[in-house]
Amino acid sequence: QSELPNPYGFYLGVVGTRKFSHYGKDACEKIISGLRGYNFVIVSGIALGIDAIAHWSALDNNIPTIAIPGSGLNRTVLHPRTNHRLADEILEHNGCLLSEFPSDMPAGLHTFPQRNRIIAGISHGTLVIEAPQKSGALITTGFALDFNREVFAVPGSIFNDNSTGTNRLIKMGATPVT
């Protein structure tokens with residue numbers, strides 16, 4: 001297993017559902033704010049929901065962040081359009097946008113699992129904030145496990161569908177983050 005070059009320290013993939021709860025948002029912000037002053041880089045997919053919250057929280061706490069869209073990087077295709085301002089802020093704060101897709105390639109159903117592979121691959125560990133039973137975040141954790149990376153999960157209510165995936169990860173051995 002080769003080590004990633006890490007001038008900052010620990011690269012943490014932060015993923016979760018687009019349809020987050022207040023609990024998920026608060027948990028994401030609290031956990032990332034707790035990393036301020038330590039050598040972390042937040043890696044996420046710049047998608048709606050938990051991904052965007054993770055990037056904004058990193059920016060708010062002066063933590064470097066890497067955004068990996070499920071599209072090329074050309075402004076005409078960068079997905080989602082609603083996060084163009086977020087992309088600009090990431091770049092203005094010495095962050096990075098990274099894509100293996102051609103610059104003008106639009107997002108498609110097949111591009112997101114590929115993007116998730118990169119998030120897991122460049123991260124030393126992946127933290128799942130909220131994820132229903134069927135979630136792209138769980139695809140990312142599958143790649144993380146394939147790459148022999150750490151998997152962390154935020155436990156949630158047994159009554160919340162957004163917690164079924166994270167609670168199952170913990171049951172399977174993921175490290176709970178509280």
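What is the volume of the second largest pocket? And which residues line the second largest pocket?

Analyst: The second largest pocket comes to about 160 Å³. Bear in mind that this is a predicted model, where local features need pLDDT of at least 70 and side-chain atom pairs count only at pLDDT 80 or more, while totals for chains, interfaces and linings use all residues. Numbering runs from 1 along each chain as its sequence is written, and side-chain values use heavy atoms, with hydrogens and water left out.

Here a pocket is an open set of points on a 1 Å grid over the protein atoms alone, where a 1.4 Å probe fits, with protein on both sides within 12 Å along at least five of seven lines; lining residues have an atom within 4 Å of a point. Points are joined across faces, edges and corners, and the volume is the space filled by probe spheres set on them.

Lining the second largest pocket are Phe10, Leu12, Lys30, Ile31, Gly34, Leu35, Phe40, Leu127, Phe152 and Val177. By class that's 8 nonpolar, 1 polar and 1 charged (Ala, Val, Leu, Ile, Met, Phe, Trp, Tyr, Cys and Pro are nonpolar; Asp, Glu, Lys and Arg charged; the others, Gly among them, polar). Strand E1 (10–15) and helix H1 (22–33) each put at least two residues into this lining; elements are DSSP runs numbered from the N terminus, helices being H or I of at least four residues and strands E of at least two.

For context, the largest pocket has about 420 Å³ and a lining of 21 residues, with Gly16, Thr17, Arg18, Gly136 and Ala137 nearest its centre. That lining splits into 8 nonpolar, 8 polar and 5 charged. Helix H4 (111–122) is its top contributor, with 4 residues.

Zooming out, the chain has 6 helices and 7 strands, in the order β-α-β-α-β-α-β-α-β-α-β-α-β. Buried residues make up 51% of its 178 residues, and its C-alpha trace spans about 40 × 35 × 35 Å along the principal axes.

Notes:
Buried means under 20% relative accessible area, exposed over 50%, partly exposed in between (1.4 Å probe, protein chains only).
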